[in-house]
Amino acid sequence: MNSKRYTEVLIDGKIYTLAGNEDESYIHRLAGYVNEMILTLKRQEGFSKQSAEYQNVMIELNMADDYFKARERINLLEQQKAEMEKETYSLKHELVATQMKLEAAKEAEEKKSAKAHMTE
């Protein structure tokens with residue numbers, strides 16, 4: 001049974017105690033991402049002059065943007081993987097067919113060679 005772990009993280013200059021089933025290092029990575037997003041936006045001119053509500057919405061939108069771009073990238077990579085798997089299957093099929101032709105040609109050559117020795 002998983003017990004909740006408590007982890008202290010620093011986000012935007014404040015310490016938060018978070019509880020969850022994930023590893024502490026993972027929770028710190030999440031908090032680091034959120035903190036970096038906040039710091040990046042705060043560096044933009046005029047951001048800090050906006051209301052707290054507006055700032056929060058902008059942070060959330062930027063995170064959603066990152067998420068959707070990552071999902072698009074995953075979808076693209078999954079499509080590329082599927083295409084590569086099809087190509088690999090096709091190449092394997094072609095290799096087997098070529099090997100069969102080579103074996104048939106070798107057998108035909110051996111039979112031809114054997115007949116030539118018999119007639120000598």
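User: Why does D65 count as partly exposed?

Analyst: D65 has a relative accessibility of 33%. Buried requires under 20% and exposed requires over 50%, so a value in between is called partly exposed. D65 therefore counts as partly exposed in this predicted model.

User: What makes the contact of D65 with K69 a salt bridge?

Analyst: The closest N and O atoms of D65 and K69 are 3.1 Å apart. The criterion is a side-chain nitrogen of Lys or Arg within 4 Å of a carboxyl oxygen of Asp or Glu, so the pair qualifies. Both residues lie in helix α2 (residues 52-119), 4 residues apart, about one turn of the helix. An α-helix has 3.6 residues a turn, so residues three or four places apart point the same way.

User: How do you know that E36 and R43 meet in a salt bridge?

Analyst: Their N to O distance is 3.8 Å. The limit is 4 Å, so the side chains of E36 and R43 meet the criterion. E36 is partly exposed, its relative accessible area being 40%, whereas R43, at 60%, is exposed, because the boundary for exposed is over 50%.

User: Which parts of the chain does the salt bridge of R5 with D23 link?

Analyst: R5 and D23 form a salt bridge, with the closest N and O atoms 2.9 Å apart. The pair links distant parts of the chain, 18 residues apart: R5 lies in strand β1 (residues 5-11) and D23 in the loop between β2 (14-20) and α1 (24-42). Both residues are partly exposed, R5 at 40% and D23 at 46%. The structure holds 5 salt bridges.

User: Why are the buried residues of α1 said to line one face of the helix?

Analyst: The buried residues of α1 are I27, A31, N35, M37, I38 and L41. Seen down the axis of α1, they fall within an arc of 155°, so they line one face. They pack against β1, β2 and α2.

User: How does the reach of α1 from its first C-alpha to its last compare with the expected value?

Analyst: α1 has 19 residues and reaches 27 Å, close to the 27 Å expected at 1.5 Å a residue.

User: What makes up the largest nonpolar core?

Analyst: This core consists of 9 residues: V9, I11, I27, A31, M37, I38, L41, F47 and I59. The largest share, 5 residues, comes from α1, and β1 and α1 each supply at least two. Leaving aside neighbours within four places in sequence, V9 is in contact with K14, I15, Y16, L18, I27, H28 and A31.

User: Why is the pair formed by the rings of Y67 and F68 called edge-to-face?

Analyst: A pair of aromatic rings is described by the distance of the centres and the angle of the planes. The ring centres of Y67 and F68 lie 5.5 Å apart, and the limit is 6.5 Å, so the rings pair. Their planes stand at 85°, and over 60 degrees counts as edge-to-face, so that term applies. The count comes to 1 aromatic pair. Y67, at 49%, is partly exposed, whereas F68, at 54%, is exposed; the boundary for exposed is over 50%.

User: Is Q55 buried or exposed?

Analyst: Q55 has a relative accessible area of 15%. Buried means under 20%, so Q55 is buried. Q55 is found in helix α2 and touches F47, S48 and Q50, not counting residues up to four places away in sequence.

Note on methods. Residues are numbered from 1 along each chain as its sequence is written. This is a predicted model: local features need pLDDT of at least 70, side-chain atom pairs count only at pLDDT 80 or more; totals for chains, interfaces and linings use all residues. Side-chain values use heavy atoms; hydrogens and water are left out. Buried means under 20% relative accessible area, exposed over 50%, partly exposed in between (1.4 Å probe, protein chains only). The expected span of a helix is 1.5 Å times one less than its number of residues. The arc is that of the directions from the helix axis to the C-beta atoms. Contact means heavy atoms within 4.5 Å. Rings of Phe, Tyr and Trp (its six-membered ring) pair if their centres lie within 6.5 Å; planes under 30 degrees apart count as stacked, over 60 as edge-to-face and the rest as tilted. A nonpolar core is a set of buried Ala, Val, Leu, Ile, Met, Phe, Trp, Tyr and Cys residues joined through side-chain atoms within 4.5 Å.
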